[in-house]
Amino acid sequence: MVAAIFAVSLVLSQGARGEEEKRGAVTNLPVPRYVSMKTSEGNVRRGPSLTHRVDWVFKRRDMPLQITAEYGHWRKVQDREGAGGWVHYALLSGARTVLVEKDMMPVYDRPDTNSQIAAHFETGVVARLGSCTADWCRITAGGYRGWALKSNLWGVDPDEIRD
């Protein structure tokens, strides 16, 4: 009986650990998580050091990126298309931005498709991310602000709620 209880508790504790959020070894922040480019240019390297080759250069300030790993002062990032590599943490910002994925996406005054349209954003627009409900996010770009359907944005998780 004791062995059976021990076995059940072991399985339950392993299951609970598997459901816990993964945390970065360096920052103890959730991984994966979204950040943005702090600078207008940043080298993307094959590995987490200056001795690793630069594969390409990100050239868009505020571009949303997803951190997938951490090592010392380096963060492994990827963009919307999955391209990425290792970037020094000083090139990244915690300021949240999103990338518009739907051409001529309507941005509404309220989180309601029946409300007035404040603007239309083209595919590829980078917008500042504000609060998010289950289906909507408040965004700002080019002097315009309003609510967009979360499903039209990259840089925010589908189940993410922000105040």
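**Notebook: a serine and the ring pairs**

I started with Ser-36, which sits in strand S1, residues 33–37. I kept in mind that this is a predicted model.

Is Ser-36 buried or exposed? I got a relative accessibility of 1% for Ser-36, and the cut-off for buried is under 20%, so Ser-36 counts as buried.

Next I checked where the side chain of Ser-36 goes. I found that it reaches the backbone oxygen of Ala-95, at 2.7 Å.

I then listed what Ser-36 touches, leaving out residues up to four places away in sequence. My list has Asp-62, Met-63, Pro-64, Leu-65, then Leu-91, Leu-92, Ser-93, Ala-95 and Thr-97.

**Aromatic pairs**

How many aromatic pairs does a search of the whole structure find? I came up with 2.

One is Tyr-34 with Trp-154: I have the ring centres 5.3 Å apart and the planes at 90°, so I wrote this pair down as edge-to-face. Tyr-34 is in strand S1 and Trp-154 in strand S14 (residues 153–154), so I noted a link between distant parts of the chain, 120 residues apart. I logged both Tyr-34 and Trp-154 as buried.

Then I looked at Tyr-108 and Trp-136. Their ring centres are 5.7 Å apart with planes at 85°, which makes the pair edge-to-face because the planes are over 60 degrees apart. This pair also links distant parts of the chain, 28 residues apart: Tyr-108 belongs to strand S9 (residues 105–108) and Trp-136 to strand S12 (residues 136–141).

I finished with burial here: Tyr-108 is buried at 11% relative accessible area, and Trp-136 is buried at 10%.

Methods. Residues numbered from 1 in each chain as written. Predicted model: local features only at pLDDT ≥ 70, side-chain atom pairs only at ≥ 80, totals over all residues. Heavy atoms only, no water. Helix = DSSP H or I, 4+ residues; strand = E, 2+ residues; numbered from the N terminus. Buried < 20%, exposed > 50% of the residue type's maximum accessible area, 1.4 Å probe, protein only. Polar contact = N/O pair within 3.5 Å; in protein donor to acceptor, adjacent residues only side chain to side chain. Contact = heavy atoms within 4.5 Å. Phe/Tyr/Trp six-rings, centres within 6.5 Å; stacked < 30°, edge-to-face > 60°.
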